[in-house]
Amino acid sequence: MSGNIQLLSDTLAAAKAEDRSALIAYLPAGFPTVDGGIAAIKAVLEGGADVVEVGLPHSDPVLDGPVIQTADDIALRGGVKIADVLRTVREAHAATGKPILVMTYWNPIDRYGVERFTAELAEAGGAGCILPDLPVQESALWREHADKHGLATVFVVAPSSKDERLAQITAVGSGFVYAASLMGVTGTRASVGAQAHDLVRRTRATGAGLPVCVGLGVSNAEQAAEVAGFADGVIVGSAFVKRMLDAPDDAAGVEAVRELAGELAKGVRRQT
């Protein structure tokens with residue numbers, strides 16, 4: 001069975017045709033529970049997100065700040081497994097018809113088996129993977145199996161990335177490029193900063209034509225509107241997780257992320 005890379009590409013193209021950025025949300029699988037996480041992801045998609053990244057919880061999440069680390073810890077203590085991540089992808093996609101990616105560090109895939117993981121992700125209806133710690137020069141095996149199963153390979157670029165490296169990444173990546181807005185870990189911030197704008201410009205200058213989506217630091221509609229003014233997609237993670245963590249119970253958390261998705265969806269439609 002083939003994965004949903006085409007659905008991802010079509011979704012990003014449809015947002016562009018509407019003269020807006022796509023809203024891409026992140027929530028980890030298994031948080032606060034597997035069923036609770038699925039409910040939250042469905043709510044985010046129903047609330048207005050175009051795409052969701054399902055986080056595969058990891059014990060050493062080097063790119064993630066304290067908010068997402070807390071959620072990952074809750075999921076891991078709850079016993080979340082890769083099978084639960086795949087179930088989350090399957091149920092979220094089946095319920096909404098929207099593209100679902102997995103964001104994961106390389107080690108869990110390597111241990112699980114690349115062929116097995118890509119085949120099962122495609123079978124679950126997944127659109128691809130974001131792999132923040134997989135160097136492009138070591139990605140051939142992954143890309144071979146991802147291409148075979150119709151899955152996107154989304155690489156992460158940072159303001160420190162040289163133009164030569166950006167060209168290497170855009171030449172072999174697919175789906176979109178994840179542009180980290182600043183050096184550092186995930187988390188909400190008062191300002192997204194000018195570095196993100198320049199990084200998007202330099203990534204597009206490689207000529208590969210991949211959409212460039214910006215994450216790290218976006219937490220409200222105003223920031224979403226700012227980033228939507230220059231990026232193809234706006235990625236929001238910690239703000240959703242924080243709403244879940246701050247909620248008095250799981251049901252309230254689901255409604256809180258649904259509401260935030262609606263606010264951010266309005267934000268990407270009123271570019272500053």
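1. Basis. The model is predicted, so local features need pLDDT of at least 70 and side-chain atom pairs count only at pLDDT 80 or more, while totals for chains, interfaces and linings use all residues. Numbering starts from 1 along each chain as its sequence is written, and side-chain values use heavy atoms, with hydrogens and water left out.

2. Core. The largest nonpolar core holds 89 residues. Such a core is a set of buried Ala, Val, Leu, Ile, Met, Phe, Trp, Tyr and Cys residues joined through side-chain atoms within 4.5 Å; buried means under 20% relative accessible area, exposed over 50% and partly exposed in between, with a 1.4 Å probe and protein chains only. Val-44, Phe-117, Trp-142, Phe-176, Tyr-178 and Phe-240 have the most contacts inside this core.

3. Tyr-178. Contact here means heavy atoms within 4.5 Å. Leaving aside neighbours within four places in sequence, Tyr-178 is in contact with residues including Glu-53, Met-103, Ile-130, Cys-213 and Ile-235.

4. Helices α2 and α12. Helices are DSSP runs (H or I, at least four residues), numbered from the N terminus. Axes are lines fitted to C-alpha atoms, for helices over the stretch in contact, and angles run from 0 to 180 degrees between N-to-C directions. Helix α2 (residues 34-47) packs against α12 at an angle of about 25°, with the axes 7 Å apart. The two are therefore roughly parallel to each other (angles under 35 degrees count as roughly parallel, over 145 as roughly antiparallel, 65 to 115 as roughly perpendicular and the rest as oblique). The crossing is right-handed, meaning that the near helix is turned clockwise from the far one by less than a right angle, with anticlockwise giving a left-handed crossing. Among the residues that meet are Ala-39, Ala-43 and Val-44 in α2 and Val-254, Val-257 and Ala-261 in α12. By class, this contact has seven nonpolar, three polar and two charged residues; Ala, Val, Leu, Ile, Met, Phe, Trp, Tyr, Cys and Pro count as nonpolar, Asp, Glu, Lys and Arg as charged, and the others, Gly among them, as polar.

5. Glu-259. This residue lies in helix α12 (residues 250-267). Glu-259 is partly exposed, with a relative accessible area of 49%. From Arg-204 it is 55 residues away in sequence and 32 Å away in space, C-alpha to C-alpha.

6. Helices α3 and α11. Helix α3 (residues 66-77) and helix α11 (residues 238-246) pack at about 55°, with axes 9 Å apart. That angle makes α3 oblique to α11. The crossing of α3 and α11 is left-handed. Val-67, Ile-68, Thr-70, Ala-71 and Ile-74 of α3 meet Ser-238, Val-241, Lys-242 and Leu-245 of α11, a contact of six nonpolar, two polar and one charged residue.

7. Helices α6 and α7. The axes of α6 and helix α7 (residues 140-148) come within 9 Å and cross at roughly 30°. This pair is therefore roughly parallel, and its crossing is right-handed. Phe-117 of α6 and Trp-142 of α7 are among the residues that make the contact.

8. Glu-115. Helix α6 (residues 114-123) contains Glu-115, which is partly exposed at 33% relative accessible area. Not counting residues up to four places away in sequence, Glu-115 touches His-145, Lys-148 and His-149.
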